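This report examines how the chains of an assembly meet and how the copies are related. The sequence and structure are shown first.

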There are 4 protein chains.
Amino acid sequence: MSIDERIRDSFSKQTMMQTLGATIDSVASGQVVITAPILPTSLQQQGAGHAGLAFSIGDSAAGYSALTVMPEGAEVMTVEMKINLMSPAIGDRLIAEGRVVRAGRRIVVVAADVFAEMGGARKHVAMLQGTMIPV
Amino acid sequence: MSIDERIRDSFSKQTMMQTLGATIDSVASGQVVITAPILPTSLQQQGAGHAGLAFSIGDSAAGYSALTVMPEGAEVMTVEMKINLMSPAIGDRLIAEGRVVRAGRRIVVVAADVFAEMGGARKHVAMLQGTMIPV
Amino acid sequence: MSIDERIRDSFSKQTMMQTLGATIDSVASGQVVITAPILPTSLQQQGAGHAGLAFSIGDSAAGYSALTVMPEGAEVMTVEMKINLMSPAIGDRLIAEGRVVRAGRRIVVVAADVFAEMGGARKHVAMLQGTMIPV
Amino acid sequence: MSIDERIRDSFSKQTMMQTLGATIDSVASGQVVITAPILPTSLQQQGAGHAGLAFSIGDSAAGYSALTVMPEGAEVMTVEMKINLMSPAIGDRLIAEGRVVRAGRRIVVVAADVFAEMGGARKHVAMLQGTMIPV
């Protein structure tokens with residue numbers, strides 16, 4: 001399987017992604033973009049997207065960017081992830097751009113930026129930094 | 001409204017919590033416990049609970065523990081949150097125990113532990129540490 | 001060598017610890033305590049201990065607590081560490097209590113609390129949560 | 001005072017920076033670069049720079065980048081900081097490039113990259129992401 005197929009196959013098994021309405025936008029070596037609408041079922045108490053929505057797609061985008069640099073047959077697991085939330089997630093949809101910062105043999109350091117898109121404008125709403133391991 | 005009522009009222013507006021099947025287990029000053037089943041709709045690619053599930057209920061438990069020490073009328077927002085995932089989230093349900101570590105005037109430092117319960121046994125699957133502000 | 005000797009031997013090679021005046025207070029399985037005076041050479045711009053002081057001894061205490069559960073001959077390296085600073089580090093000395101939260105084969109999750117001691121009173125000034133690997 | 005003067009004045013009071021041999025390389029709006037040699041007095045047990053060295057100059061570079069966007073008269077304090085350590089800090093000196101990611105009224109989100117320089121080559125050894133507040 002190509003990298004693209006491996007990731008789409010794994011992604012299709014992440015039922016959480018379907019629950020959030022998330023889809024893979026693009027896959028490249030060390031970079032994966034996932035988008036999700038801000039569904040009425042994904043909100044926090046003030047009507048913005050829940051922190052868990054930005055986290056979930058940011059984490060998956062970061063994780064799959066790590067998978068692109070891991071050996072075939074590997075799956076990826078999040079060791080730890082930190083998110084800074086900079087603005088309420090308000091808009092039509094969220095776009096999570098994940099990337100590999102450093103690919104080690106045992107550990108892959110990753111990052112992701114999450115943007116809220118409203119009309120054609122993008123706002124940077126969250127930033128993630130974390131660690132992935134092959135399993 | 002009592003602290004308990006304020007939190008349950010706010011929680012009922014978090015549609016993300018309903019999507020995840022989460023409920024408030026208990027509310028005390030500086031401590032809130034939230035539980036959620038590991039639904040077939042909340043999984044990662046290997047069939048365990050998605051990192052976003054543990055994050056979402058851990059973040060909400062930590063946030064509401066902060067709200068218990070904030071002035072009436074305040075709402076709480078996550079500034080940042082870090083999660084270490086220690087074991088796959090496998091079992092009947094997850095239990096997120098949030099607590100206030102330090103309540104400042106401008107910032108509340110919080111933590112949460114997430115346990116997976118299977119049968120009667122509990123396993124510590126995730127640990128969160130973060131910062132909340134009143135909004 | 002006993003665990004205690006291995007750690008004291010490794011610690012004696014950390015010249016950064018000597019620069020900060022740090023010493024090992026105690027070593028137990030999964031728990032190491034390191035203390036350091038708040039030296040005139042370790043301050044931030046307002047005269048409190050620098051964030052880097054609390055971080056350095058917290059990181060070393062956490063790392064050595066991980067080393068107590070690793071195989072003999074291993075050395076430990078910090079993969080990542082997050083610190084929340086809750087109060088200015090003011091007082092006679094800092095006490096960093098490191099502990100193992102979860103010892104895995106490939107990764108050890110650790111935490112540390114840092115206290116400032118003034119007179120006989122202790123104040124909780126920082127909290128760390130991180131990941132160590134054997135090298 | 002100009003931004004540059006304010007930061008150099010504050011920096012000169014951070015005795016920890018002098019202990020580590022750190023100097024300010026450049027100051028621009030939202031961006032501050034700090035460098036430090038890897039002194040024999042700043043090492044971990046295997047002879048590389050201690051995690052606390054990369055953290056200290058990364059934290060200061062990030063903090064001063066935040067100060068460039070804060071009102072005159074403000075000082076800056078670290079609320080929290082997370083560091084991923086990607087390679088041992090080996091070389092002639094470390095270079096910490098701090099930057100503002102989002103400047104809010106109450107909170108400034110910052111990041112820093114730390115590079116080790118050996119000969120003319122640079123290696124990315126650490127990445128920090130954190131939160132600053134005016135005090």
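A salt bridge is here a side-chain nitrogen of Lys or Arg within 4 Å of a carboxyl oxygen of Asp or Glu. Under that criterion, 2 salt bridges link chain A and chain D. In one of them the side chains of A:Glu80 and D:Lys82 are paired, at 2.7 Å from N to O. The model is predicted, so that local features need pLDDT of at least 70 and side-chain atom pairs count only at pLDDT 80 or more, whereas totals for chains, interfaces and linings use all residues. Residues are numbered from 1 along each chain as its sequence is written, chains are lettered from A and ligands numbered from 1 in the order in which they are written, and side-chain values use heavy atoms, with hydrogens and water left out.

| Quantity | Value |
|---|---|
| Residues of chain A in contact with chain D | 17 residues |
| Residues of chain D in contact with chain A | 17 residues |
| Residue pairs in polar contact, chain A and chain D | 14 residue pairs |
| Area buried between chain A and chain D | about 1400 Å² |

Contact means heavy atoms within 4.5 Å. A polar contact is a pair of N or O atoms within 3.5 Å; within protein, one must be able to donate a hydrogen and the other to accept it, and residues adjacent in sequence count only if both atoms are side-chain atoms. Buried area is the accessible area (1.4 Å probe) that two parts lose on being put together, summed over both.

Of the area buried between chain A and chain D, 52% lies on carbon and sulfur atoms. On the chain A side, A:Lys82, A:Arg102 and A:Gln129 provide 44% of the area buried against chain D, more than any other three residues.

Strands are DSSP runs (E, at least two residues), numbered from the N terminus. On the side of chain A that touches chain D, S3 (76–85), S4 (93–103), S5 (108–118) and S6 (121–134) of chain A each contribute at least two residues. S6(A) gives the most, with 7 residues.

Of the contact residues of chain A, 100% recur in chain D, and the same surface serves both copies.

Definitions and conventions
Helices (H or I, at least four residues) and strands (E, at least two) are DSSP runs, numbered from the N terminus.
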